[in-house]
Amino acid sequence: MSGVLVLVETVNGTVRKASLELLTLARRLGEPAALVCGPADEALLKVLGEYGATHVYAVENPDLEEFLVAPKAEALAAVVRRTAPAAVLVTADHEGTEVAARAAVRLDSGIITDAVDVVAGEGGPLVTQSVFAGSWATQSQVVRGTPVITVRPNAVPPEAAPVEPVVETVTVDVGAGDRGSRIAQRTPKTGTGRPDLADASVVVAGGRGMGSAEAFALLERLADSLGGAVAASRAATDLGWYDHDFQIGQTGKTVAPQLYLASGISGAVQHRAGMRGSRTVVAINKDPKAPMFRFADFGVVGDAHAVLPALIDEVERRKG
Amino acid sequence: TLDRAGVEGRLSELDEYAVEQALSLVENGLSATVTFVTMGPARAVDGLRKALAMGGDDGVHISDEALHGSDALATSLVLARAVERTGFDLVICGMSSTDAEMSVVPAMVADRLGVPQVTFASALTVDDGSVTIRRDGDTAVEEVVATLPAVVSVTDQTGEVRYPSFKAIMAGKKKPVTTWTLADLGVEPALVGAAGAATAVRSAAPQPPRQAGVVVVDDGGAAAQIADFLVAQRLL
Ligand SMILES: Cc1cc2nc3c(=O)[nH]c(=O)nc-3n(C[C@H](O)[C@H](O)[C@H](O)COP(=O)(O)OP(=O)(O)OC[C@H]3O[C@@H](n4cnc5c(N)ncnc54)[C@H](O)[C@@H]3O)c2cc1C
Ligand SMILES: Nc1ncnc2c1ncn2[C@@H]1O[C@H](COP(=O)(O)O)[C@@H](O)[C@H]1O
């Protein structure tokens with residue numbers, strides 16, 4: 001069976017959930033192989049093996065850490081040239097997309113971005129994309145080269161399928177032209193301690209209807225009970241109630257969690273553009289005519305200030 | 001020289017930010033000419049004229065019937081050849097929030113040109129041989145540096161876009177716009193357009209509208225009802 005190469009992303013040495021999703025998807029297409037940028041330590045190998053990576057290619061080259069995008073693209077292209085996989089899967093975030101784009105040029109291979117689903121098909125993987133703000137779904141195939149596919153986080157839940165991976169350390173030559181951009185300075189934002197919006201399987205979002213910055217503390221408590229992230233509408237971020245980083249929508253982030261809980265958000269089209277892909281939507285709004293109810297699986301006409309505290313208690317109680 | 005590569009025919013709102021940044025770099029002392037580049041059918045010239053009304057020196061319009069149906073690989077090939085031909089130190093592109101392809105084209109153009117790209121800039125400065133951008137990430141604010149020549153994409157956070165005056169619009173109409181075909185760029189027609197596409201759409205279908213859900217009016221018990229729903233959906 002041919003391999004399917006997954007570009008693995010790590011955060012502080014831990015494999016991102018989105019990468020485990022790619023390994024899960026890869027099993028539909030062939031034998032998952034993982035490309036790790038950096039050394040593959042015991043802990044990393046254990047996780048990759050647990051999620052089905054039969055091969056792990058560890059590219060140990062300091063250029064991959066020091067310089068942005070291009071060295072990783074070269075590493076990806078080099079491993080593809082050597083192992084001729086049936087497809088390459090990369091997470092559809094900023095860096096992943098750019099690495100995939102450059103690798104596609106180097107391999108002269110077709111690229112399909114922002115997939116919401118990938119299945120095996122005759123003549124290569126069939127890739128589903130959600131287009132025109134989610135109103136249409138298309139299925140496409142790469143017809144030249146090695147299919148390079150970027151996949152949205154949360155396309156599938158990660159599923160374990162333990163194997164013992166074969167590990168190989170790979171050396172890659174990074175040319176001077178690929179050492180052109182780097183991070184000169186990094187000022188960390190205070191971490192929230194919550195999952196990244198892109199990875200979160202639960203997103204608890206608030207809008208103008210929350211009434212104040214203080215009321216967002218309720219959303220944070222609910223998010224923490226559910227193990228989720230907190231987000232906001234543009235009205236709420238413009239009012240300074242929550243940071244712009246957490247804005248969902250056309251000019252903010254796009255999320256596709258298992259659960260999107262919208263509280264005090266009317267449901268404007270620009271907001272929906274960022275959360276349409278959510279599997280289940282719960283809406284709390286005091287206006288029965290709020291458009292959000294038309295997109296909600298479960299809606300509550302009520303005051304967020306009454307419903308949220310009670311909901312936090314219910315969730316805590318049921319978790320036992 | 002300072003260039004801007006656009007992919008769409010008209011000047012999109014997000015490309016206006018790229019035009020604005022190019023012009024303000026020059027106004028703030030950078031010694032450079034600004035050339036606007038676009039690939040698209042005849043009407044794409046309107047986008048160039050809009051940009052030239054805002055400022056800049058000249059425009060390049062790449063137009064060729066064989067380009068119809070071009071994918072990102074082909075588009076990036078054509079833009080890279082055009083930018084090579086004009087000569088460049090910096091290529092500035094818009095970001096895109098809705099068109100997935102836009103997020104790959106700048107990186108592809110940069111790869112073909114053999115130069116770095118720095119993307120999603122919320123601010124940028126150019127000095128002696130390098131471009132520095134500010135990027136607002138989820139976990140940090142980063143200062144990213146690239147050696148020139150380079151490709152940059154800018155976001156809607158870079159600042160207000162100017163409105164051209166009537167006089168500026170008239171002046172823009174007089175600025176030179178060159179039209180290039182694939183032959184001018186030495187690009188094989190077989191590599192681009194529908195014929196050269198490396199991807200194919202197999203099917204397209206409208207998504208079924210979301211099934212209408214349950215809406216309850218809170219009488220004090222709504223929280224428990226939400227919790228029941230979450231349990232039923234295995235979300236709790
Ligand atoms: C170019 C452009 C881009 C945009 N991009 C985005 C974007 O990325 N993201 C985004 O979100 N918006 C975006 N917008 C703005 C968008 O059009 C809406 O204005 C915005 O989403 C409204 O936010 P909201 O729902 O929080 O506020 P509102 O529309 O004011 O809705 C507040 C809701 O709260 C309800 N409410 C009030 N009090 C309570 C209470 N006590 N309990 C429960 N409910 C209550 C009200 O009934 C109302 O439905 C964009 C607009 C433009 C023009
Ligand atoms: N006659 C043309 N000349 C130049 N570019 C074109 C032409 N027709 C389409 N394009 C470009 O080719 C790409 C694919 O467009 P389309 O053929 O409309 O799918 C877009 O970037 C168009 O702007």
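1. Basis. This is a predicted model, in which local features need pLDDT of at least 70 and side-chain atom pairs count only at pLDDT 80 or more, while totals for chains, interfaces and linings use all residues. Residues are numbered from 1 along each chain as its sequence is written, chains are lettered from A and ligands numbered from 1 in the order in which they are written, and side-chain values use heavy atoms, with hydrogens and water left out.

2. Ligand 1. How many residues surround ligand 1? There are 25, and the closest are A:Arg208, A:Ser233, A:Ile248, A:Ser266 and A:Asn285. A residue counts as near a molecule or strand if one of its heavy atoms lies within 4 Å of it.

3. Polar contacts of ligand 1. A polar contact is a pair of N or O atoms within 3.5 Å; within protein, one must be able to donate a hydrogen and the other to accept it, and residues adjacent in sequence count only if both atoms are side-chain atoms. A:Ser266 uses its side chain: a polar atom there lies 2.7 Å from an oxygen atom of ligand 1. A:Arg234 uses its backbone, with an N or O atom 2.9 Å from an oxygen atom of the ligand. A polar backbone atom of A:Lys286 is 3.2 Å from a nitrogen atom of ligand 1. On its own, ligand 1 has 980 Å² of accessible area, and the protein covers 76% of that. Accessible areas come from the Shrake-Rupley method with a 1.4 Å probe; for residues, only the protein chains shown count as cover.

4. Ligand 2. This ligand has 12 residues around it; B:Gly40, B:Asp64, B:Leu67, B:His68 and B:Gly69 are the closest. The shell holds 5 nonpolar, 5 polar and 2 charged residues. Here Ala, Val, Leu, Ile, Met, Phe, Trp, Tyr, Cys and Pro count as nonpolar, Asp, Glu, Lys and Arg as charged, and the others, Gly among them, as polar.

5. Polar contacts of ligand 2. Look at the backbone of chain B. A polar backbone atom of B:Asp64 is 2.9 Å from a nitrogen atom of ligand 2. For B:Gly40, a polar backbone atom is 3.3 Å from a nitrogen atom of the ligand. B:Met39 has a backbone N or O atom 3.4 Å from an oxygen atom of ligand 2. The protein covers 75% of the 470 Å² of accessible area that ligand 2 has on its own.

6. An open sheet of 6 strands runs in the order 14(A)-13(A)-15(A)-16(A)-17(A)-12(B), with parallel pairing. Helices (H or I, at least four residues) and strands (E, at least two) are DSSP runs, numbered from the N terminus. Two strands pair if DSSP finds at least two bridges between them. Which strands are at the edges? They are strand 14 (229-232) of chain A and strand 12 (214-217) of chain B, each pairing on one side only. The twist averages 15 degrees from one strand to the next.

7. Inside that sheet. A:Ser263 stands opposite A:Ile284 in strand 16 of chain A. Helix 6 (residues 216-226) of chain A packs on the sheet and touches strand 13 (202-206), strand 14 and strand 15 of chain A. Touching means contact, with heavy atoms within 4.5 Å. The helix direction makes about 170 degrees with that of strand 13 of chain A. Axes are lines fitted to C-alpha atoms, for helices over the stretch in contact, and angles run from 0 to 180 degrees between N-to-C directions.

8. Another open sheet has 4 strands in the order 12(A)-8(B)-7(B)-6(B), with antiparallel pairing. Strand 12 (181-188) of chain A and strand 6 (123-127) of chain B are its edges. In chain B, 7 bridges join strand 7 (residues 130-136) to strand 8 (residues 140-147). B:Ile133 stands opposite B:Val144 in strand 8 of chain B.

9. Loops. B:Pro149 is in the loop between strand 8 and strand 9 of chain B. The peptide bond to it from B:Leu148 is cis, with omega near 0 degrees. A:Ala84 lies between helix 4 (70-83) and strand 6 (87-91) of chain A. Its phi is near 40 degrees, a positive value in a residue other than glycine.
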